Each structure stands twice: as C-alpha cells, then as structure tokens.
There are 2 protein chains.
Amino acid sequence: MNVNTREKIIAVASDLFYEQGFEATSFLHVASRLGISKGNLYHHFKSKDALLNAVVGFRLSETANMLQHWEGASTGPQERIKHYINIVIQNWDKIRVFGCPVGTLSNELVKRDPENKDAQKVFALFRVWLRQQFTEIGESDKADEYAMRVLSWSQGVAVLGSAFGDFIYVKREVTAMCIWIDELHRSDTANSANERNN
Amino acid sequence: MNVNTREKIIAVASDLFYEQGFEATSFLHVASRLGISKGNLYHHFKSKDALLNAVVGFRLSETANMLQHWEGASTGPQERIKHYINIVIQNWDKIRVFGCPVGTLSNELVKRDPENKDAQKVFALFRVWLRQQFTEIGESDKADEYAMRVLSWSQGVAVLGSAFGDFIYVKREVTAMCIWIDELHRSDTANSANERNN
DNA sequence: AACACAATAGGACGGTCGTCCTATTTTATA
DNA sequence: TATAAAATAGGACGACCGTCCTATTGTGTT
C-alpha cells in the first residue's frame, strides 16, 4: 500500500464528508479532487464503509493529537477546557457553512444505523478528556455531568449559530461558557479555603 | 388539486425526511409508502425542492399549532417554556434514533445552500415564541438571549443524547433546564418584591 | 534483465435517482 | 349525458451511484 496516497485519500474524504455529508459524497468526488481515478481509490478502499471507517479513525487521531497539544501548552485545566470551548470561534468560517463536523456526521451515522458506535467515538474522546479536566479542577463528583454539559452547550451553539449565521450570538455564548468555567473554579477554591479553615 | 392527497404526501415526506434525511429520501420512497405511483406524486409536486418547501411549511404550521395549544392550556410562561424543554423526553423514542427533526434538517439544508433561510425557519418560530415567554416572566432585557439558550441547550442535549443513546443523561439535563427556569422566576419575583418594598 | 506485485486508469455492470412524457381513469361541470 | 380537467399509473430518459473487472504502468526484489 502506498501510505502517502492512502492518507491523502482519507484527508480529502474527511473534508468532503464534512462539507457535503457522507451520503452526498461519491467515490468520484473524492477521486477527482485528488486527481486520481475511481479505480485507484477502490484499490485502496474496497468499499465506502471502509473509507468511512478510515475517516473516523483519522478524525480520532487528529482529535487526540489536538488534546495532547493542549496538555503541553496550557497552564491549567480551566485553560484547557476553554481551548475546547473556543473551537467554535476558531473554526467559525467552516462551522457557519457546514455545521459542527462531529455533530453532523454523528447525525448521519445514527440515522444509517442507530446501534452503530462510530457516531459517538469522537464525542466520547472529548468527553473523557473534559471529564479529566473537571476532575483536576476538583469537581470529580460532577466531572462527567460537566463534561457532557460543555459538549452539549457547544454543540447547541454550533447548530444554532450555523442555522442563523449569527457570529455575535456565538461569541456571546462562548463568553458565557468561559464565565461558567471561571465560576466553577472560584467556588472550588473558595470551598478549598473553607475546608482549610475547618 | 386533490388537497387530501397532497396533504398526505407532505406528511409522509416530512416523516421520511426526518427518518432518512432529505437527500436519502426518493420520490419512490414517498410514493410507495403511500401506495401511489411516482408519476402521481410528480403531478402534485413538480420537483423535489417543491416538496421540500411544502414540508417546511407543513412543519411550520404544525409547530405554530403546538405553540398555540400550549398558550391555551398552560398556567404561565414558565410552564409553557417547560413544555418546550420536555419535548426531548416526550419524543425520545424517535430522537434517539433520528435526532432532532429541526436540527438535522437544518444541518442538511445549510450544507446544500448556506444562504438558504429555510433552515432556520422552525428555529425562528420557537425563538420568537420563547422570547415572548421570557418577556412575560419579566426578563425582557435578556429574553432573546434566554430564548436562544433554551434552543441551544435542548439542541445539544438532543444531539448528545442521540449519539450516546443515553436517556438518563437526557432526563438529568431536562431537570437542570427546568430548575434554571424556576430560578429565573424566583429571582424575578424576589426583585419584584424588593421593588414593591422600596 | 526478469519477474512479481503494487499502483493506477478506465470502463462495464446493474441499480436508483430526479425528471419528464404519455396514456388511462376519475371527477366535476355544463 | 357529454366534455373538459384533474388525478393517477407506468414507464422512458440520461445521469450518477457503488462495485467490480481488466489492462497498463510503475517499482522493487532476485
């Protein structure tokens, strides 16, 4: 296998699945954007489902790399959570037009097969990582609940922001989310101070 | 035009667009579920886009009827907002499998044409109605912000709940949303009491 | 240099799609 | 009842789909 070509195919397919949706993207779309033939593409992936699996794996490793990068560069768990929250602003140009890449693909995959676990994999990766950040803040009891709230809040903002094309609204909600994170931190340090005084 | 047949077509198309997505639903699917011919369907709708427009209009009027029904039966704006919040529980069996009908169609339409306003129409209807409820509560300054927050929170819960197939999580978030509404109400009546005492 | 195999191109295949066309049946009106 | 219009059925059409097959080119190993 020519790994280089294979990886190019996966990257282009990931983009097209995001921009057009999985169903609406054909082998010919992927091949022609790469300047290769449909037969060549089929040599690397024996079915469209195989290509989808590769794209999901590609997105998982991309996401894992991003999370790992945040681990190294950030000063604390609050800052790391804010990195996630700010994605919707960083990628606004694409989210406005195509929605959230994770949520829209999840929607499509769940409709294809409600039992398929691929739909939740990237969400699950973010969930575990966010849960860890909230645990480090000191919210271990509610870490998973808060992780899910960050996920759903961001997801909702992406959907509504895209539907209305309203960047002002998106920025306002991102600010509100960051304030919520800061308040969690403050009440936590306050509790810690109280505990220390007892 | 046979209005009866036309309305049956729209209702079935709305269901199929929800269950399979717009792109994945063909004229043959709609016709065969109704037991009519493809040619007959094309007699009533001269293109797939015309059918889509009719479905969007149908959903708008259905939504308007639901909102109007809540106006008559509920005791106050808080109860009416909670009616909206509880939709995700009422319709969980379908939302788990197919996601939110408004959000998933919006995603698809925005990808087809980012400038198309149909994608936001049902959201906009809920938005105006929710804004009115928050205004009646006494939160006129933040009525639109709160309306959008209810929309996005619910939307996020629908997406994540569907992705993970987790009804426990959905119920927990619905409870949290209702508590938030109650707290808004309490702080409002508290403010009113303070104002009366001054 | 000879050879095995990966990589690539190009097209055939059966199927489905949206659209359109033409008959036939039903319905409403004069 | 006669007739025009609406409703319905059924299929033709070109296009595109995922899949598969074959032939050709490139590449690395013996």
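Biologist: How much area do chain A and chain B bury between them?

Modeller: This is a predicted model, in which local features need pLDDT of at least 70 and side-chain atom pairs count only at pLDDT 80 or more, while totals for chains, interfaces and linings use all residues. Residues are numbered from 1 along each chain as its sequence is written, and side-chain values use heavy atoms, without hydrogens or water. Buried area is the accessible area (1.4 Å probe) that two parts lose on being put together, summed over both. Carbon and sulfur atoms carry 62% of it here, and the total for chain A and chain B is about 3,400 Å².

Biologist: Which residue of chain B meets A:Arg149 in a salt bridge?

Modeller: A salt bridge is a side-chain nitrogen of Lys or Arg within 4 Å of a carboxyl oxygen of Asp or Glu. The rule finds 2 salt bridges across the interface of chain A and chain B. In one of them, at 3.0 Å from N to O, the partner of A:Arg149 is B:Glu173.

Biologist: Is B:Glu19 buried or exposed?

Modeller: Contact means heavy atoms within 4.5 Å, and beyond its neighbours within four places in sequence B:Glu19 is in contact with A:Lys111, B:Arg33, B:Lys94 and B:Phe98. Buried means under 20% relative accessible area, exposed over 50%, and partly exposed in between (1.4 Å probe, protein chains only). Because its relative accessibility is 15%, B:Glu19 counts as buried.

How values were computed. Chains lettered and ligands numbered in written order.
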